[in-house]
Amino acid sequence: MTALHDRIFTSVFPPPSEVDVPTPTATPILGSSGFGEPFGSQHTNASQPGTETGAAEQIKWDRAWHTATTFLSLRDEPINAEQDEETLKNKWIKAVEPETPRALAYLLSESSRGRQIRRGSNTDDLLRWYFEEVVLEHYVKHVLPSLIQILKKRQVPSALFEAGQQLHVVKTIYMHPLQNHVAQTLSNGGGTELARFETDLHGLFMHTLPQDKVVQNLSGFFEQQCSLILNGVGKNGMQDVVSSVPVVRQRTLKLMQMLQSVGLGGYQAQQILAEVMSDILTSHIKSTYAGVWTSPSNVVEQLRDWVENSFSRFVVEIISSMKSIDPSGTDEIIDVSHADVQRWQEMGVNKLGILRTDELFNAIVEWENGTQGAIEDLKRYVTTPSSRAYLTTTFSSAVSYRLLQPGASTTEILQVYISIIRAFTLLDPKGVLLDRVARPIRRYLRERDDTVTIVVGGLLADPEDESSASDVLMDLAVEMNKSTTTKGEDEADDGDIDYDDMKWMPDPVDAGPEFKKSKNSDVIGSLISLFESKDIFVKEFQNILGERLLKKEYDFDREIRVLELLKLRFGEAALQACEVMLRDILDSRRVDAFIHKDKELNLNDQYAPELHTRILSHLFWPSLHSESFFIPPEVESLQRRYSTGFESLKQTRKLTWLHALGQVTVSLDLEDRTINEEVQTWQASVIYAFQPSPSEDSSHPITRTLTDLVETLQMTDSLLHNALTFWIGKLVLKQTSTSPPTYTVLESLSDEDAAHPGTTSAAIAAAAETATSAAAPAVLSEHEVAQEKMEVYWQYVVGMLTNGGPMPLQQIVMMLKLTVTGGFPFGNEELKDYLEGKVRGGKLDFAGGVYRIKH
Amino acid sequence: MEDTQNSAPGQPSIHEASKLSSTSRRQDTQSVTKRLQTELMQLMLSSTPGISAFPSSPENLLNWTATIAGPSDTPYASLTFKLSFQFPPSYPYAPPTVLFKTPIFHPNVDFSGRICLDILKDKWSAVYNVQSVLLSLQSLLGEPNNASPLNGQAAELWDSDPIEFKRLVLARHQDLDEE
């Protein structure tokens, strides 16, 4: 059954081997065809010319076919291209049998009858058979795998040479019988047939070799050549180049020839060369100029010179060797003209620009002297709208990715922003680029709470003071000093109206129609204009100024200068309060001296403490701490006398003492030591409470409990604790018991205390540190002010809930927003927190989503 | 044709008049709102015990609700009373309309909550404000003006039978539901 099946199948689809296997000479003629019986369907075709019987012709054809194919068949083994020519010849080139030429001639002749019979079948064209059955099979089976192996090794350039060599040998062997024996038998020397065969062969090579490997190897080769030429320039100048040129030329020529001969050169190689050229340019720029910033910069000139003298030299070498192999294809290969060189130079400058753009953020962050060079390079690049757009988008994304993150402190961001302003002012004096880049930064900075404080702090910082904390914006102080000297230029800045300005330039093309360079585009101006209204800035300035005026001794040169500068920018009116504050302080000195001269007041009693005042017009000052607490009677009587003196001097005015502000110089006489400290007033009051009262025995160290202290001092807990920690830190007090908390004066440093300086004093020092750093600032912070206001809003809430019944949070907020004059400054969350505090305090009930007053 | 021409000039004048009056009314409302906001602020800052008042709804500042606690030495001790304030657009040149919302048994208050108090009628002056009105009402609870009663029974009992009076006060009083 299977046999039958097979037979039927083979009769319809004859197995290919039967067709291709050459008919042996000895094969007897089959009877069926011998009698002129129809030989398949071919019989009808064959019978047309009909001078001879098909059978005889068939035998003749088969014989000739057998002879020819035997001659043309190749050994079933790989070709070893490394063997020398003679060996290869002996092995691969067969001797010509006497009947072969005749057989070939018969088979290839257009007019031979056998061929006519077989026209249309796949055995009529001997050359096609040779290519498809012999060459293809041999190539795929033996040559291709080894070629792929070679190319995979990626040994530049040897792999390419090896592969080329092999292909060359293979091609020669494949072509040999055709060139030497087949060609003569064909009409007009077989030119067309040979060319067709060669094209087929090249196509085969081209499409079977892994493209990426070839490209890799080829570009590797080009790169190697170029590094041979170009690296020489760096070390020994042109001398090396000259000496290495012939080598390169020779090698390139050889490779090109080889590739050309096996069909891998030409257009493909040109394409690869173009890519390689671009790569070389990029890598050269990267390796030579990346991170190298000098000022003044001649990088662009260097680069142009390099392109002209080295890079194009190399390209010319390669192209000319490509050209020399293929003189016929001159139109395909481009000549290198001067315009090309110029275009390459432009490309180089562009690539440099891209490199510098990518570096720009780093350059700005690590601003140093050389950085200016990078900016100068970029200046040559940002001449087209597209390059400007590229610069701004790249830079902006770098900024938002690397700078505008919660991890960066506001000081850092401001620092970088200052550098950005400086850099971009150099880069583009018109300010268009800066405007674009700065927007996101400014928007971000506005969101940060501490921006104003830092900016104002920076303005008032002392640039000469090296020791000040790192979070002070020193740059701003430096800039502030600078801008005092360059003030005059600002006036002449709006030069667009100045028709005599010979250096006038139109705004860049990418400037928006509305674009106008803001007058405040210098560092300080930019930072001050960060905030929509100057009020925020002025208010913050007022706070910080108040702080400094109260803390510092009489030396306000810097504050006065900053104030004058700000007055120039904001106008006198806005800064009137600051002006008054400053005057208050200066006046205080005079008034103070005057009051002290008043003998009647007896202020200069040498046994009583000295009292000096700062007299503030409280309407012009920011909210100040007004906590009240017990003041030592000596001081209090001084204050009373002082007040009298002041009131007689300024009839209509009264003094209100702010106890929490001010400094006290305390001198403590202990048994074994004397301590002199400059302290806050409440700290002084606390230590004064340890003064022995007349009824107490002063021979024992004085001890006070916390409850006593609270009672006598009437001070808020936080202040009291702050003061106690401070004195413990100074080793003046000691906590002797925790329940109830009791503190004792350390009259003498006992051995025990001195013996364990490590454990106790370290902790104490830390405590003292926190105590001093926690020293309350004189001016109430915005938050504290808001908290004070919250008490007022609480009354609103009470009124609302008493009269309107229970309400949900949302409604309360809405009511507050509408009823509070001047608007309600808190959000839902803040109010919720506050109300929750009241719920805990038993003032409110919260149930079912509504708040209800507790009666 | 002629008619329309004749009437044409007349038309806008009417429009203008209405426009004028509307703007002036808006200005009035604005000034009232401002005044009431200030009063509210004062009220909140001073926080007198026993009285409080607040706008009833955020949309309309002209309607307020007020609360008075009954003075301790009167029949109204430990009771609270809700009142409504309706401010006219001409406030403070005209008095607000004040009504007791909580039912109250009082010689000068009728059963629908209307109050007989001279400063809310002819003795009104622009210097009075919500706070002074509330204080007057609070003192009215302890010292009714029995000469011009709205509730004759109450006026009579006030002097003759304080115990019965107190009983009626408690019987009449009922706390309004808090919505």
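Helix axes here are lines fitted to C-alpha atoms over the stretch in contact, and angles run from 0 to 180 degrees between N-to-C directions. The model is predicted.

**Exercise 1. Helix crossing**

Classify the packing of helix H17 and helix H19 of chain A from their axes.

*Solution.* 
Step 1. Two packed helices are described by the angle between their axes and the distance between the axes.
Step 2. Locate the pair. H17 of chain A covers residues 371-381, and H19 of chain A covers residues 410-427.
Step 3. Take the distance. The two axes come within 9 Å.
Step 4. Take the angle. The axes cross at roughly 40 degrees.
Step 5. Apply the cut-offs. Angles under 35 degrees count as roughly parallel, and 65 to 115 as roughly perpendicular. H17(A) and H19(A) are therefore oblique to each other.
Step 6. The crossing of H17(A) and H19(A) is right-handed.

**Exercise 2. A charged network**

Find which residues are linked with A:Lys567 in a network of salt bridges, and describe each contact.

*Solution.* 
Step 1. Side chains of opposite charge can pair when their charged atoms come close.
Step 2. Set the cut-off. A side-chain nitrogen of Lys or Arg must lie within 4 Å of a carboxyl oxygen of Asp or Glu.
Step 3. Start inside one helix. A:Glu564 and A:Lys567 form a salt bridge at 3.2 Å, N to O. Both residues sit in helix H25 (residues 557-570) of chain A. They are 3 residues apart, about one turn of the helix.
Step 4. Go on to A:Glu572. Its side chain meets that of A:Lys567 in a salt bridge at 4.0 Å, N to O.
Step 5. Go on to A:Glu579. The closest N and O atoms of A:Lys567 and A:Glu579 are 2.9 Å apart, in a salt bridge. A:Lys567 lies in helix H25 and A:Glu579 in helix H26 (residues 576-597) of chain A, so this pair ties together parts that are 12 residues apart in sequence.
Step 6. Check exposure. Under 20% relative accessible area means buried, and over 50% means exposed. A:Lys567 is buried at 10%. A:Glu579 is partly exposed at 22%. A:Glu564 is partly exposed at 37%. A:Glu572 is exposed at 55%.
Step 7. Assemble. A:Glu564, A:Lys567, A:Glu572 and A:Glu579 are linked in a network of salt bridges. Over all chains, the structure holds 11 salt bridges.

**Exercise 3. A nonpolar patch**

Which residues make a nonpolar surface patch of about 270 Å²?

*Solution.* 
Step 1. The patch is made by A:Leu4, A:Ile8 and A:Val12.
Step 2. A:Leu4 lies in helix H1 (residues 2-12) of chain A.
Step 3. A patch residue needs over 30% relative accessible area. A:Leu4 is partly exposed, at 41%.

**Exercise 4. A loop serine**

Where is A:Ser337 found, and how is it placed relative to A:Ser312?

*Solution.* 
Step 1. A:Ser337 is in the loop between helix H15 (299-325) and helix H16 (338-365) of chain A.
Step 2. A:Ser337 counts as partly exposed, at 33% relative accessibility.
Step 3. A:Ser337 and A:Ser312 are 25 residues apart along the chain. Their C-alpha atoms are separated by 9.8 Å.

**Exercise 5. Chain B**

Summarise the elements and burial of chain B.

*Solution.* 
Step 1. Chain B has 4 helices and 4 strands.
Step 2. From the N terminus on, the order is α-β-β-β-β-α-α-α.
Step 3. Chain B has 179 residues, of which 42% count as buried.

How values were computed:
Residues are numbered from 1 along each chain as its sequence is written. Chains are lettered from A and ligands numbered from 1 in the order in which they are written. This is a predicted model: local features need pLDDT of at least 70, side-chain atom pairs count only at pLDDT 80 or more; totals for chains, interfaces and linings use all residues. Side-chain values use heavy atoms; hydrogens and water are left out. Patches are made of residues with over 30% relative accessible area and no salt bridge: like charges are joined within 9 Å, nonpolar side chains (Val, Leu, Ile, Met, Phe, Trp, Tyr) within 5 Å. Accessible areas come from the Shrake-Rupley method with a 1.4 Å probe; for residues, only the protein chains shown count as cover. Helices (H or I, at least four residues) and strands (E, at least two) are DSSP runs, numbered from the N terminus. Buried means under 20% relative accessible area, exposed over 50%, partly exposed in between (1.4 Å probe, protein chains only). Angles under 35 degrees count as roughly parallel, over 145 as roughly antiparallel, 65 to 115 as roughly perpendicular and the rest as oblique. A crossing is left-handed if the near helix is turned anticlockwise from the far one by less than a right angle, and right-handed if clockwise.
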